[in-house]
Amino acid sequence: MGIILLHCSVKGYAQELTLYRLSLEHAIEMGLNNHQQLKISQTRLQASEDQVKVSKLERLPSVNFSANAFYLGDALLLNPDWSKAQTVEMPHFGNTFSLQASQLLYKGGVIRKSIEIAELQQQLAELDLTGNEQDIKFLIISSYLDIHKLINQIHVLEQNKILAEQLLANITHSYGQDMVTRNELIRAELQIRNIDQAILTMKNNHAILSNQMSYALGLPHDVLIFPDKEVRNDILIQPQSHYMDLARQRHPALQTAETNIQIAEKNVGIQKSNWFPAISAFGGYNMQRPLTTTTPVLDMYNNTWQVGVSLNFNIDNLFRTKQQVNLSKSHVRTTQEALTFTEQNIEIGVHAAYVKYQEAQQQVLLMEESKRLANENYEIVRNKYLNQLAITAEMTDASNAKLNAELEHANTVINALFQYYNLIKATGTL
């Protein structure tokens, strides 16, 4: 891979650009490392991993400590008729310390199921990252092949421009000898101008596409990306059943749908846990000063501790839980139907991609024959024209047919490779 600064030697491009030669494999690697969408997915994955850690903390006991200090005023005793009886002096400084701990022992496995759901959601985040990686790879491959197609088209146009200039030189010579009309000279010049316009458009499209790719690859935005080698359309295709099986086993969308079913089933278990009481162990220690339960009040600390087991159950869960469980079961059925729908779409996509790839390969063969015939026709007409047996219009038509056939052939070769990558993407294994 090389980087070359292009100055005025680059014709047809709107600005000074840096030539960046790049292989498809390196482009994919750079995209996976630098694309902003993947960075977002990676942060979501990290958040899901942190959520698993937070969920596991629910296994730990809850411990609370509190302390306070206060000013205690004198007590005022009143008679039944609200008249003052006496004032009791109190120790004015007071403080308390409290340490309480509790541990959930049983609640129908709600903590375990919550942790399992968090772990399944982490798997969803991983599958989301995998799916985004597939999309980014395909985007980069598509853009890379489009650049290859543009460069091939520019090359074909430039080669045909050379032939058109040679034809113009012959016509100009004949026109100087009054052997052809001005109209034929104009037709030849117009053909060159049309080719120049097409080359200009192709080069600008190349610059635009390179700029778009630079954001995905983390490159400077003034680069002009060039493939470092010719792509080859020599891939051995497998039977359609191979790609169907591959998609069923490894497609991220199917794995996501299956994981959603597991999450929905775990939620059913969580709702069912409301039918069970919560059993917890607890313990505590308290220290309080002064002692206001004695007479006279003592400026001393009262130390107490306790341990025990508590049982808690919401009676209204007997009426509400059944409907909540039914709702969760409905979500399970929804996710199961979504899995079936996803399977059907993936099978349809794989079948369509396989057919389009076969079609693209057949088009390559057809366009090779069309290119051969167009070139043969061009040589026949050219020889006839040089021997003054054909008019300029016939020569122009033959030249245009040759140009179109070569452009179509260049496009079909790239399209066949694109359809192959589209087939692999349809299986979810790009």
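Good morning. I begin with Lys203, which is buried, with a relative accessible area of 10%. Please keep in mind that this is a predicted model.

What does the side chain of Lys203 meet? It meets the side chain of Glu158 in a salt bridge, at 3.9 Å from N to O. Glu158 lies in helix 3 and Lys203 in helix 4, so this pair ties together parts that are 45 residues apart in sequence.

Let us turn to the two helices themselves. Helix 3 covers residues 110-176 and helix 4 covers residues 182-217; they pack at an angle of about 160°, their axes 9 Å apart. Helix 3 is therefore roughly antiparallel to helix 4. The crossing of the two is left-handed. In their contact, 22 residues are nonpolar, eight are polar and nine are charged.

The structure holds 13 salt bridges. One of them joins Lys402 to Glu406, with the closest N and O atoms 2.9 Å apart. These two residues lie four residues apart in helix 8, about one turn of the helix, and both are buried.

Four strands form an open sheet in the order 3-6-8-9, with antiparallel pairing. Strands 3 and 9 stand at the edges with a single partner strand each, so one side of each is left without a neighbour in the sheet. Strand 3 is joined to strand 6 by ten bridges, and Ala67 has Phe97 in strand 6 as its bridge partner. Thank you.

Key
Residues numbered from 1 in each chain as written. Predicted model: local features only at pLDDT ≥ 70, side-chain atom pairs only at ≥ 80, totals over all residues. Heavy atoms only, no water. Axes fitted to C-alpha atoms, helices over the stretch in contact; angles between N-to-C directions. Parallel < 35°, antiparallel > 145°, perpendicular 65-115°, else oblique. Left-handed = near helix turned anticlockwise from the far one by under 90°. Nonpolar A, V, L, I, M, F, W, Y, C, P; charged D, E, K, R; others polar. Pairing = 2+ DSSP bridges. Salt bridge = Lys/Arg side-chain N within 4 Å of Asp/Glu carboxyl O. Buried < 20%, exposed > 50% of the residue type's maximum accessible area, 1.4 Å probe, protein only.
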